Amino acid sequence: RALFTYLISDKEPDFLYNNRIKIKSSKFNIYFSKNTQCHYSEEDNYGIYVLGFCIDSVKELDREFIPKYLLKVLKTEKIFGKFLNRTDRLAGKYIILIKRYDNLYLVGDATGSLQINYNLKNNYMISSHDEIIANELDYKISDYSKKIRNGSDFSQPMPYNLTMYDYVKILLPGYFLDIKKRKHHRFFYPNNKMLSRDQSVKLIKSQIQTISNITKEYSKYYELVCPLTSGYDSRLNFAFLNMELRNFKCFTFRHDFKNSSAEIKIPNQICREFGIEYEIVKDLNVCDQKFKEIKKYIGKYLSRYTIDLAFTYKNKFENKALVNGDIIDQIGKSLIGNSLPNWTASRYFFKAKLHNSEQIILRDINQHLKSISSKELSLHKFDLFALENRLGRWSSQTNNLYSLMGVNSLNIYNCRKIIFDWMRIPRALRSANIIHSTIYETINHKLKRYPFNQDNKFNWVKKRPFTFLMATYLKQFFLTKRKK
């Protein structure tokens, strides 16, 4: 039942995969699960292999034609970076393997939602899951990684490009991998020319068609389901689905909400007004035996809560695709950096945002900060950390677990062009919800009539930058104290 699960290797794997494609004129093969798709095109000494779910946000290319289009660009574009820029229009959950003569490269989607894990020694192996590589090559869990992992809740991500294994790394969003040299290279560089408020509004309005295109393309291949709360992000997803689709379903997890809670009342009222089917979904729990079976495949360092959510999704919405809101919060409203000045982007701040009490994690955070501190990147430290860690590690970690359990979670903003443009909007405007408000006003102003986050008593903290900063450190202080 696993979705988005693959292994690329020059060695025959021990595990039997349903599908295999040999990469032309090489010793490498792509192995992938029954429910994972691959479209490819080969010609002369070139090859493009698109694994996963990839669509064109411009709506000019059908899915099956994307490899042929990219192959044509690859053959005519001499500068590799310019070729990669032509992938900015793509959206979905995918990786692209590129063959140019004897060279092999890999690049992921905008946020690395389909992970690229690769090993540093022995046979070449790249996979959606570090555990797959470790099982094939008999790697042992690193004591160093174990110490960091135990410093936080298992739902939190590892820092930088660290995995649970010393000889396995993960490729972060905005990088490409040179497979044979086992080296990663950054190709995503944000624009340092920030926009005014009026320019930002104009840009946001111009993006509506692109996001609508993505929504429509997704709906051609999957029945979409929209989780809905009283918050800004899920309501924005609702706005696009309601504008483009004739029929979709919304739900809210019961959790510990009462019927009188705004988290139940507001979604119910919105769906009733717009004639959308709505359901309150009761949380399910994986039994202990099933949990043990899952751990055999993906290790013990995983969140039981996340597994329970995936189990609930799978039982309730099998063969449907959930629309998540991760990108619109992390980048779209600058969830990590809020409107804080850039000098507050320290290693201690990001350690607090990883909710980790282990001191040795600072070494890897320093490495991450060093990679985003050059003159051309330093203006965007908060956004790059959000992109590379909160999305590329935390969100993709959740996606990976969902995929293994047969749950498809997609994001209608997972397109490099959209994220690149959002990062030009000052964080002070984004944290004040300028993207959300502009889109509501443009496509459905009625959605603004309903209150947002009424049950959240701490919203005022986010509206005051230095109160937000102080709260971040206080939370970390109490977390560390509790761990001791």
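The points below describe a predicted model, grouped by topic.

**Nonpolar cores**
- The largest nonpolar core has 116 residues, and within this core Ile8 and Phe238 are the residues with the most contacts.
- In soluble globular proteins, nonpolar side chains tend to be buried together.

**An open parallel sheet**
- An open sheet is formed by 5 strands with parallel pairing, and their order across the sheet is S15-S14-S13-S16-S17.
- At the edges lie strand S15 (277–281) and strand S17 (408–410), each of which pairs on one side only, while the twist from one strand to the next averages 35°.
- Strand S16 (residues 320–323) runs parallel to S17 and is joined to S17 by 3 bridges; Leu322 has Ser409 in S17 as its bridge partner.
- Helix H7 (residues 262–274) lies across strand S14 (249–253) and S15, and the helix runs at about 160° to S15.

**Glu217 in helix H5**
- Glu217 is placed in helix H5, which spans residues 197–221.
- Because its relative accessibility is 4%, Glu217 counts as buried, the cut-off being under 20%.
- When neighbours within four places in sequence are set aside, Glu217 is in contact with Ile55, Asp56 and Lys59.

Notes. Residues are numbered from 1 along each chain as its sequence is written. This is a predicted model: local features need pLDDT of at least 70, side-chain atom pairs count only at pLDDT 80 or more; totals for chains, interfaces and linings use all residues. Side-chain values use heavy atoms; hydrogens and water are left out. A nonpolar core is a set of buried Ala, Val, Leu, Ile, Met, Phe, Trp, Tyr and Cys residues joined through side-chain atoms within 4.5 Å. Buried means under 20% relative accessible area, exposed over 50%, partly exposed in between (1.4 Å probe, protein chains only). Two strands pair if DSSP finds at least two bridges between them. Helices (H or I, at least four residues) and strands (E, at least two) are DSSP runs, numbered from the N terminus. Axes are lines fitted to C-alpha atoms, for helices over the stretch in contact, and angles run from 0 to 180 degrees between N-to-C directions. Contact means heavy atoms within 4.5 Å.
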